Amino acid sequence: MPSPELLDELLDVALDAARQAGTLLRDGRPADLGVAGTKSSPVDVVTEMDLASEKLIVELIGDRRPADGYLGEEGTERPGTSGIRWVVDPLDGTVNYLYGLPSWAVSVAAEIDGRAVVGVVYAPARGELFQAVVGRGALLDGRPVGARPAPPWGRALIGTGFSYVREVRVRQAAVLLALMPEVRDVRRGGAAAVDLCDVAAGRLDGYYERGLAPWDRAAGCLIAAEAGALVGGRPGHGPDGDLTVAAAPGVYEPLQERLAELRAWAD
């Protein structure tokens with residue numbers, strides 16, 4: 001386990017990076033926001049503000065902890081020598097941000113030996129800052145949060161998300177079609193980090209998604225786990241690009257089992 005002093009330092013850096021980038025995104029959003037390029041498909045966009053947020057975070061972390069590694073969504077990757085790697089989504093929920101919807105966030109995690117030990121998700125348009133340090137629980141705006149007690153499976157409210165790749169979306173729709181009649185309802189928020197934090201805050205009973213990258217899930221999975229949710233992927237696997245599942249104990253098990261029956265990770 002890292003020392004408390006190191007964890008405190010990493011948390012301070014993560015909080016500063018998320019707050020400063022989130023403030024830039026909130027206050028600097030131009031009325032005529034442009035699209036700088038595409039990522040996985042023509043409907044998956046990179047905005048000018050994505051890139052500005054990443055630049056701010058890269059520079060802040062580089063100044064404060066120059067020996068650390070870095071992996072960011074917009075293509076910035078550098079090896080480090082300290083054993084610590086930052087995994088960052090400078091704007092999770094880009095399409096929501098483009099359309100003026102409030103469900104978007106800055107997600108910052110610090111990993112040691114591939115395991116997230118600090119996570120911060122700042123959602124400025126919702127006025128919410130989530131944070132977690134391994135072994136210390138999860139906080140929302142400085143107050144402890146916890147996963148909701150499990151309802152019966154038929155009353156579970158489940159969140160999910162969809163790929164921007166057409167062929168994958170078709171398969172995800174088939175999984176959703178099978179799952180939806182079995183639960184209370186399904187929500188699609190459009191920002192994986194925020195959805196994971198909503199599990200942590202008891203706003204969703206469970207969440208699953210196929211195709212999440214490390215920066216999509218690193219901070220949010222830690223926050224959900226520290227809030228008492230169970231977090232994993234396919235049976236016998238941790239969360240990965242095939243499948244990420246986070247849910248309150250009692251909902252996690254039937255959700256993961258049903259997704260396995262449906263082979264939610266397969267085409």
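## Exercises on a predicted model

**Exercise 1.** How far does helix α2 reach, and which of its residues are buried?

The model is predicted: local features need pLDDT of at least 70, side-chain atom pairs count only at pLDDT 80 or more, and totals for chains, interfaces and linings use all residues. Residues are numbered from 1 along each chain as its sequence is written, and side-chain values use heavy atoms, without hydrogens and water.

Next, burial. Buried means under 20% relative accessible area, exposed over 50%, partly exposed in between (1.4 Å probe, protein chains only). In α2 the buried residues are M49, D50, S53, E54, I57, V58, L60, I61 and G62.

**Exercise 2.** Where is D113, and what is its phi?

*Solution.* Find the loop between β6 (105-112) and β7 (115-123); D113 is there. Its phi is near 55°, positive in a residue other than glycine. Most residues other than glycine have a negative phi. D113 counts as exposed, at 75% relative accessibility.

**Exercise 3.** Which residues does P79 touch?

*Solution.* Locate P79 in the loop between β4 (77-78) and β5 (84-92). Leave out residues up to four places away in sequence; P79 then touches D68 and G69. Contact means heavy atoms within 4.5 Å. The C-alpha atoms of P79 and G69 are separated by 4.6 Å. P79 is exposed, at 78% relative accessible area.

Technical notes
Helix = DSSP H or I, 4+ residues; strand = E, 2+ residues; numbered from the N terminus.
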